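Here is a short briefing on a protein model.

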Amino acid sequence: MPLAVLRQHVVSLLCYMLRLPFACFNIVERRLRRRAWREPRRIVLIKPCCLGDLLMTTPLLEVLRAAYPQAQITYVASSWSKVVPEHHPAVNAVLDCGTVGIPGRYRLSEYLRFVRLLRRQRFDLAFVLDRSPMLTLLPWLAGIPRRVGPDSLGRGFSLTDRVPAPAALSDLRHQAELYLDLARALGLPPRRPHMCFVPTSEERLRARALLAHDASRDAEPRLQVALLPGGGSNPGMTLTAKRWPVEGYRELARRLLSELEARVLLVGGPEDRAVNEEVLTGLAAPPGRVLNLAGQTSFGELAAIFEQCALFIGNDSSPMHLATAVGIPVIALFGPTSPQEYGPYPLDEPHHVALWQHPRGEPCFFLGRMRACQECTCMQALSVDMVWQAVQQLLPSPERGGIC
């Protein structure tokens, strides 16, 4: 048995052993602090990482704000990902937990220091949006009377409200729905919530200026399409297996330029600039019609750029979820991960298309880990023609008239 799997079994066993004493403690605590259970005035959500995951928690934020309009809602996030709750209208305050909650990135002293910070806030209700037993324990140590979270592999031992979470591939559900299950467990039914990210006026001005500067060299195109050839990088994990081949993006850009007369924006973080340059290699385009914007924008400015696009096409990544959160049409390309779990949310939106051609019909990435894969052909199985068919479904041709 691999060491990582053995370690997981040991941790789960210890968590199950702790369930009974914590259940007894919770019964006593509920009787002593009834007001906090009935009328929470100070609510905290805990989700340190990562950007895409935090975006998928925003439907829950929408539900909580509707249910508790007068409550103070605080979001705990890492330095890397706090930009997401900072751009959500339901959030009153954001607590930066640094690297606490990111495996292997923090010391026990930092963890205990953050426990003390949480305790001083005197929260009534906590939502732990993570499967980590260390994060599950955090609000109990901070003295928060009601603690709600997913109970995955027994790791919700210290929660007052343990919500079942999938532990098998046969039980796959979208991550946003798993977070909404926490609200449902409290009797707060969602009314078709959506992901949300609202750029600031300054970010919108910066995005317009960036695009206008490069557009001045060419006639204004009919529409702008954002492509993400990179992605898959987060603190503690880089999963480049989620990337569609560069050749596919190059051919797709060529078709967008010639057949739709579009302007192509290659987006991403600083680490994606090189792969974007590979897409540009051998791609003939008029000046200003293909831009490599990787590393040139903040996350909020990238959202503002997406607001000016007719379509996003890219790999399973935080920019894909960001494009979904600002409300533009999205074509998401999947391989090791499943769109059933990580697709553009809601999955039934007519302007969301998720393409997946896994040879086994089940994801290699599950419960935060990548399983060994002997074939690794899932991304190559997506043809340019398949993606182009989705483009034609969502965008008009110059002959048919446009929406942008």
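The points below are grouped by topic.

This is a predicted model: local features need pLDDT of at least 70, side-chain atom pairs count only at pLDDT 80 or more, and totals for chains, interfaces and linings use all residues. Residues are numbered from 1 along each chain as its sequence is written, and side-chain values use heavy atoms, leaving out hydrogens and water.

**Confidence**
- Mean pLDDT (the predictor's confidence in each residue, from 0 to 100) is 86 for the protein, and 82% of its residues reach 70 or more.
- Residues 398-404 have pLDDT below 50; this stretch has 16 contacts in the model beyond near neighbours in sequence. Contact means heavy atoms within 4.5 Å.
- Where pLDDT is low, the predicted coordinates should not be read in detail.

**Overall make-up**
- The protein has 15 helices and 16 strands. These are DSSP runs, numbered from the N terminus: helices are H or I, at least four residues, and strands are E, at least two.
- Of the 404 residues, 57% are buried, meaning under 20% relative accessible area (1.4 Å probe, protein chains only).
- Among contacts between residues at least 6 apart in sequence, 66% join residues at least 24 apart.

**Nonpolar cores**
- A nonpolar core is a set of buried Ala, Val, Leu, Ile, Met, Phe, Trp, Tyr and Cys residues joined through side-chain atoms within 4.5 Å.
- The largest has 61 residues; Leu 45, Phe 127, Phe 306 and Phe 312 have the most contacts inside it.
- Helix α12 (residues 299-307) gives this core its largest share, 6 residues.
- A second, separate core has 34 residues, including Val 225, Leu 227, Leu 257 and Val 387.
- Beyond neighbours within four places in sequence, Phe 127 contacts Ile 43, Val 44, Leu 45, Ile 46, Leu 64, Val 148, Leu 182 and Leu 186.

Conventions:
Buried < 20%, exposed > 50% of the residue type's maximum accessible area, 1.4 Å probe, protein only.
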